[in-house]
Amino acid sequence: MKKQLLNQLQGEDTPKKTLKVVHIINYAGNGGSEKYIKILGGDFLIYNIAGPLTSHFNCTNIKMRHPLDLKAAKQIAKFCKKNSINIVHTHFARENYIAILSKLFGNKVKVVYTSHINLKNNLPWKILNKIFTRHNHAVIAVCNSVKELLIQNGYKKDKIKIIYNGATSVELKLIEDNQFDKGYSYLSIPQVVTLARLSEEKGLFFLCDIAKEMPNIQFIIAGEGVLENELKKYAPSNVSFPGHIKASEVLEKASLYINTSTSEALSFGILEALGYGIPIIAANVGGNIDIIRESNAGKLIEPGNAKDALEKIKHVLENRAEYSKNALHAINTIFSEEEMKRKTYEVYYLH
């Protein structure tokens with residue numbers, strides 16, 4: 001991918017520049033940010049707290065105790081010099097500040113920061129953002145709402161570039177046109193799926209309320225989290241909780257994907273669903289708005305409005321063929337992994 005992009009961006013007579021990328025992340029876990037890093041790829045990973053992501057990279061552990069950790073900054077500068085790093089790609093504010101501080105120790109790399117979350121900062125953070133992020137080579141926002149919030153949080157507008165997250169499409173017999181001729185009636189029990197951390201901002205109690213009003217549909221909430229026991233007690237019998245499992249295990253048979261979050265950037269769960277040709281119902285927040293607007297693969301619903309949700313779920317299921325085609329088109333164009341990588345490497349090389 002890198003080599004092909006270089007050939008496109010540079011003429012044949014232009015010397016090829018070697019690119020070495022290190023990603024820096026506090027917790028090398030198994031969430032959306034880590035999935036983003038795996039898609040982009042890179043030469044090295046620096047982490048603070050070990051987790052599943054470490055098995056995918058050549059890793060170095062550096063303790064990053066706080067955003068102004070000069071000891072960590074010095075270690076990062078030393079690492080970059082030793083390994084001839086060109087790009088430091090950070091994924092949260094702590095790591096981004098430390099990477100910028102590494103410039104005090106002679107680190108001459110470009111520091112690119114991707115903001116994965118919608119988070120409003122207080123005044124001290126806004127002041128620090130104005131001071132520090134002017135030294136970023138670029139700031140990537142994963143959707144329009146993240147960009148708007150970054151600007152409110154003190155980031156320079158001309159540093160920010162929107163690059164949507166990406167996923168891949170899956171070839172399945174399930175998405176052949178003739179299986180959608182009768183809407184969703186070909187499934188004896190339609191399945192509505194969500195992949196979500198079981199936490200307050202995911203709006204899962206509201207999802208259970210929706211399920212209570214649709215007893216003939218099976219709802220699957222796949223994920224783990226602090227609200228697991230409460231949700232299981234609250235949920236009706238047509239809601240199941242398989243835990244943290246591979247997305248393919250639930251998406252292959254899904255009739256509809258639903259996102260009921262009260263706060264969301266650009267959900268990899270929704271993008272993976274698009275890759276299976278699954279229509280989307282999504283809360284009218286954050287990056288969900290971008291996905292539905294760009295793809296026309298489903299409908300937005302108002303968080304907490306069960307009547308609105310019921311009407312739109314029924315409509316999308318009954319018109320699943322059209323929305324499914326739109327989903328597949330979007331994941332192969334606007335929200336593809338290759339498009340995400342291409343635009344990100346343009347930022348690395350060109351700006």
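User: I'd like to start at Lys341: with which residue does Lys341 form a salt bridge?

Analyst: Happy to start there. Lys341 is joined by a salt bridge to Glu338, and their closest N and O atoms are 3.0 Å apart. Please keep in mind as we go that this is a predicted model.

User: How many residues apart are Lys341 and Glu338 in helix H14?

Analyst: Here is the general idea. An α-helix has 3.6 residues a turn, so residues three or four places apart point the same way. Now the case at hand: Lys341 and Glu338 are three residues apart in helix H14 (residues 337-350), so about one helical turn separates them.

User: And is Lys341 buried or exposed?

Analyst: Lys341 counts as buried, at 13% relative accessibility, because the cut-off for buried is under 20%.

User: Which residues are linked in a network of salt bridges?

Analyst: Glu339, Arg342, Lys343 and Glu346 are the members of that network.

User: Let's turn to the sheets. In what order do the six strands of the open sheet run?

Analyst: First the general idea: strands of a sheet pair through backbone hydrogen bonds, either parallel or antiparallel. In this structure the order is E10-E9-E8-E11-E12-E13, and the pairing is parallel. Strand E10 (239-240) and strand E13 (298-301) are the edge strands, as each pairs on one side only.

User: How many bridges hold strand E12 and E13 in their pairing?

Analyst: Four bridges, in the parallel sense, with E12 covering residues 280-283.

User: Which strands does helix H7 lie across?

Analyst: H7 (residues 204-212) lies across strand E8 (191-195), strand E9 (218-222), E10, strand E11 (256-259) and E13. Its direction runs at about 165° to E9.

User: Can we zoom in on one residue? Which strand holds Gln218?

Analyst: Gln218 lies in strand E9. At 27% relative accessibility, Gln218 counts as partly exposed.

User: Beyond its neighbours within four places in sequence, which residues does Gln218 contact?

Analyst: With those neighbours set aside, Gln218 is in contact with Ile189, Pro190, Gln191, Val192, Asn238 and Ser240. The side chain of Gln218 also makes a polar contact, at 3.3 Å, with the side chain of Gln191. For a sense of how sequence and space compare, Gln218 and Val193 are 25 residues apart in sequence and 8.4 Å apart in space, C-alpha to C-alpha.

User: Last topic, burial of whole helices. Why is helix H10 described as largely enclosed by the rest of the structure?

Analyst: Because eight of the eight residues of H10 (residues 268-275) are buried. Among them are Phe268, Ile270, Leu271 and Glu272. At the N-terminal end, Ser267 caps H10, with a side-chain oxygen 3.1 Å from the backbone nitrogen of Gly269. After H10 comes Gly277, whose phi is positive, near 70°.

User: Which residues are buried in helix H2?

Analyst: In H2 (residues 32-40), they are Ser33, Glu34, Tyr36, Ile37, Ile39 and Leu40. The buried residues of H2 pack against strand E1 (21-27), strand E4 (87-90), strand E5 (110-115), strand E6 (138-141), H10 and H14. H2 is followed by Gly41, which has a positive phi, near 75°.

Terms used
Residues are numbered from 1 along each chain as its sequence is written. This is a predicted model: local features need pLDDT of at least 70, side-chain atom pairs count only at pLDDT 80 or more; totals for chains, interfaces and linings use all residues. Side-chain values use heavy atoms; hydrogens and water are left out. Two strands pair if DSSP finds at least two bridges between them. Helices (H or I, at least four residues) and strands (E, at least two) are DSSP runs, numbered from the N terminus. Contact means heavy atoms within 4.5 Å. Axes are lines fitted to C-alpha atoms, for helices over the stretch in contact, and angles run from 0 to 180 degrees between N-to-C directions. A salt bridge is a side-chain nitrogen of Lys or Arg within 4 Å of a carboxyl oxygen of Asp or Glu. Buried means under 20% relative accessible area, exposed over 50%, partly exposed in between (1.4 Å probe, protein chains only). A polar contact is a pair of N or O atoms within 3.5 Å; within protein, one must be able to donate a hydrogen and the other to accept it, and residues adjacent in sequence count only if both atoms are side-chain atoms.
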